[in-house]
Structure formats: C-alpha cells, structure tokens
Amino acid sequence: MNLDDSAFLRACRRRPVPHTPVWYMRQAGRSLPEYLKVREGVPMLTACSTPDLIVEITLQPVRRYGVDAAIFFSDIVVPLKAIGVDLDIKPGVGPVVADPIRDAQGLDVLRPLEPADVSYVTEAIQALTGELGGTPLIGFAGAPFTLGSYLIEGGPSKNHDRTKAMMYGEPRLWHALMERLGDIVLEHLRIQIRAGASAIQLFDSWVGAVPEDDYREFVLPHTRRIFDGLADLDVPRIHFGVGTGELLGVLGEAGADVVGVDWRVPLDEAARRVGPGKALQGNLDPAILAAPWEVVERKAREVLRRGEAAEGHVFNLGHGVLPSTDPDQLKRLTDLVHEA
C-alpha cells in the first residue's frame, strides 16, 4: 500500500478516509507485557538509544492492536541528553536534571543538535520504515515550553513556579532559552523526517499552565517557528498539550495541521474553538479504559460522533495510555473504531 493512501495520513490532511484512523499516545510501552519483558533491567534512556530495542518496542503495539500508525519509541528529553545535558529519567518520577538552568550562564550547556548526536534515531527509523510497510511512523519531540520547564525546575513540577518566575520576571533570558530549545527541537524533528518519519507530533505537555495572552507572548512565536521550519518537508504536523482547552484557538494558530485535544473538551466544541482548516486528534479519557467494556464502547462512539464535526479526525486518547490499562481493552477499542 502507498503510505500516502493510509487512513491516518489522509485524515491528517483532511481527505476522505475508509475508516476513522486510530493510534494511542504511549501505545508503545507501560501497559504491554511484551514491552515490560524487553525493558526488564534496561534504563529508559538506554532503551531510547538502542536501535534494536527502539524498533521492537515501536512495532509491538502495531502487531498487537493493528493501529493505523506507529509512534517512534523515545522520550522528549532524548535530544537534551544527546547534547550533554546531565539528566536522567527516574522510574516513578520522570526526567530529573542535575544542574537546573536558572541564569544566562546555564544556557551554555544547550549547544546545537547535530545528526551524529542521535545517529541511533536515524538508524532505528530507517529500520522501522522497512518493517512497517504501509503503516506510517510518527516522529515526535517535546516543545520548548515543556522542555524548558524540566530544565528550569530540575524535574516534573505541579505549579511550574520557577518556570513562570523566569518567564514573567526575566523575559529576555526566557526568550533566549526558548530560542535555543526551538533550534534543538526543530533539528531533532527534521532528522526524524529525513530518516523516514511520515508525520510528527510536538508534545507541549505542560503548556496548559499558561493563560492565552501569555501563551501568545512567551510561547507562540517559538512553537510557530518550529512548525514553519518543517513546512518544506511536507509531512503532517500534530500539536498536543494537556489542559489546553482554553488555548485550542491559539494552538490552531501555531501552524500544525492537526490539533490534539485532551479529554476535557468535547470534539465538536474543540472544532469550533480551533476553527476551520485543521484536523483534530483525540480524545477518549484514558481512565475510561478501566471501566467495563460497554462503558468504553458508549464513550468511544460518542467521541466518534462528536469527531464528525471536524474536517478530519484521528481517534486517540485524551492523553497517554495508563500503565494499568488492559491491552485487550485497547484491542477491542481499535476494532470498534475501525468498524464504526
């Protein structure tokens, strides 16, 4: 099958589809027994830099669920680690940065990313595109705001207080940090596309912490520069953040082709907020998968019904698959979306 004819890429481009395409954020890992088996005793960042493991883990959900797209197995901090930032992913915690960036001197660690820094990414993607055949591969990166928050806070944060203190109190330093991160993210995405990724997703996981006016001033220019910097490569660009219901309109302005919607805003309302000219992705609450199947089915059909308001719809969860999710529920859900 020609990749461009895949339901996923057609939906991203707002073209007619044979069925609503479906994939899941964090489908590669956490809840899959075969993933837990290959990851046993292997630290996350080691797994993310070992081509054989990347390929195997990326393919596992495609084999098991028959989803319409694979997403490259990696982590948003991989390019930062690759340029020498002293960080680690602590199980149960997340990314932890040894020397948080709190001043202009701290920016020195953020050198430009070179393809050689992430040669394992290129190697794994080239192997994957051979294995996947007609199934598209989604590459991804973390957006500057979210990466910046980890670097400033030193790890995950509930209130992003140090991040906001820099953003509001030292705007010149903030924009300098965002520019450096923007360069790294853009290059990381271009490397993935050049290696064979058919689409990309920019995760701005924590940007829901920012009100719309401040998003426009402190975040939008840097996000827009990334999406503009990918325009010549002609692959669908997806933009996703959590808690971004109030930002959906401005997320649509950032330049993506597809706006991801978390579970808090129904898709018909999201279509109204985002405006014309975009496809939508989402947005079943991942927690619903713990409920009995008849509940999952009812809620999934509601998502599909509301998704008809969008010019293109890629079915997904409103955030990542939870570790406790029964893989059989995801298999049934995939089949349901395809049949519906």
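Tutor: Helices (H or I, at least four residues) and strands (E, at least two) are DSSP runs, numbered from the N terminus. Over residues 138-154 the chain is 59% helix and 29% strand, with its end C-alpha atoms 28 Å apart. This is a predicted model, in which local features need pLDDT of at least 70 and side-chain atom pairs count only at pLDDT 80 or more, while totals for chains, interfaces and linings use all residues. Residues are numbered from 1 along each chain as its sequence is written, and side-chain values use heavy atoms, leaving out hydrogens and water.

Student: Which strands pair with E5?

Tutor: Two strands pair if DSSP finds at least two bridges between them. Strand E4 (residues 137-142) is parallel to E5, with five bridges, and four bridges join E5 to E6, also parallel. Gln201 in E5 stands opposite Phe140 and opposite Ile238 in E6.

Student: Are the faces of E5 covered or open?

Tutor: In a regular strand the side chains alternate between the two faces of the sheet. Buried means under 20% relative accessible area (1.4 Å probe, protein chains only). In E5, Ala199, Gln201 and Phe203 on one side and Ile200 and Leu202 on the other are all buried.

Student: How many aromatic pairs does a search of the whole structure find?

Tutor: Rings of Phe, Tyr and Trp (its six-membered ring) pair if their centres lie within 6.5 Å; planes under 30 degrees apart count as stacked, over 60 as edge-to-face and the rest as tilted. The search finds six pairs. Phe203 and Phe240 have ring centres 6.3 Å apart and planes at 85°, so they are edge-to-face. Phe203 lies in strand E5 and Phe240 in strand E6, 37 residues apart.

Terms used. Buried < 20%, exposed > 50% of the residue type's maximum accessible area, 1.4 Å probe, protein only.
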